[in-house]
Amino acid sequence: MGEQLCYADAYARSVEALVVSVDAGDGGAPLVVLDRTVFYPGGGGQPSDRGLLLRAADGRSWTVRAARKAGGEIAHELEPSDDGPPGVGDRLEVDLDWARRLALMRTHTALHALCGVVWRDHGALVTGGNMEPGSGRMDFEFERMTGDLVDAIEDAVNRELHVGREVRVNVLPRAEAFAIPDLIRTKVNLLPEGIEQIRTIEIVGLDLQADGGTHVANTREVGRIRVTGYESKGRINKRIRIALEDA
Ligand SMILES: [Zn+2]
């Protein structure tokens, strides 16, 4: 199994690696597996990274347009090119599109802060979410949501971001994770039986969730958010949309 650096160090943006396998892929977009990578393969509402593979030996480079999990490995999907993919055993530099990744980390942490505030202040459970770099949405079981409440939520989230809460990554044995009452609300009990280790993201003092994504280390790095919209998806289910504002 290749080393998957994004889970332990979200700030790793570049690494040297060897090509382990190359698959022709669908539609001429080759899939490359490396012995280590900084790419996030997507999941939990966070899109996969984009970036570059660079072969120092001859200066050739390939654009990675997406990444995904394939048989436990992280596969890098290359932009199709006439010259063909790198070869097995090639030594490559692996570079993230860092501006995009950092925007996704800030957005993801902002969404967790939103979840934390909505739970703490209104007892509403999150049911889903999605994001792009710089904006995202979350769905809640939140029957009583109103425009006034949404304004108050925006203010409360910005206060929490501004105080500079530390964001911690922990990996816990399943039984230990299940003993944490806060994790139940994010439906940790829906995780497949086979998973023995549960990765959690904690915004210290505000939010704790089982999560596979990449986050900033402190809420101050997020800056501020603005609520850009909210809507009903039914009597109980409500959606809140946010965007990052540069501080
Ligand atoms: Zn998350």
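## Close-up views of a predicted model

**View 1. Surroundings of glutamate 154.** Setting aside neighbours within four places in sequence, glutamate 154 is in contact with Ile225, Arg226 and Val227 (contact: heavy atoms within 4.5 Å). Glutamate 154 lies in helix H2, residues 147–162 (helices are DSSP runs of H or I of at least four residues, strands are runs of E of at least two, both numbered from the N terminus). Glutamate 154 is buried but has no salt bridge, and arginine 224, the nearest side chain of opposite charge, is 5.7 Å away. Buried means under 20% relative accessible area, exposed over 50%, and partly exposed in between (1.4 Å probe, protein chains only). A salt bridge is a side-chain nitrogen of Lys or Arg within 4 Å of a carboxyl oxygen of Asp or Glu. For charge, Lys and Arg count as positive and Asp and Glu as negative, while His and the chain ends are not counted.

The model is predicted: local features need pLDDT of at least 70, side-chain atom pairs count only at pLDDT 80 or more, and totals for chains, interfaces and linings use all residues. Residues are numbered from 1 along each chain as its sequence is written, and side-chain values use heavy atoms, with hydrogens and water left out.

**View 2. The zinc site.** His108 (NE2), His112 (NE2) and Asp211 (OD) coordinate the zinc ion at 2.0 to 2.1 Å. Histidine 112 is in helix H1 (residues 98–122), whereas aspartate 211 is in the loop between strand E13 (207–210) and strand E14 (224–232), 99 residues apart. Both histidine 112 and aspartate 211 are buried. Donors are N, O and S atoms within 2.8 Å of the metal (3.2 Å for Na, K and Ca); water is not among the atoms, so sites may look incomplete.

**View 3. Helix H1.** The 25 residues of H1 reach 35 Å from first C-alpha to last, close to the expected 36 Å (1.5 Å times one less than the number of residues). H1 is largely enclosed by the rest of the structure, because 20 of its 25 residues are buried. Just after H1, glycine 123 has a positive phi of about 65°.

View 4. The side chains of aspartate 49 and arginine 101 form a salt bridge (2.9 Å, N to O). Aspartate 49 is in the loop between strand E4 (36–37) and strand E5 (51–55), and arginine 101 is in helix H1, 52 residues apart. Aspartate 49 counts as buried at 1% relative accessibility, and arginine 101 counts as buried at 0%.
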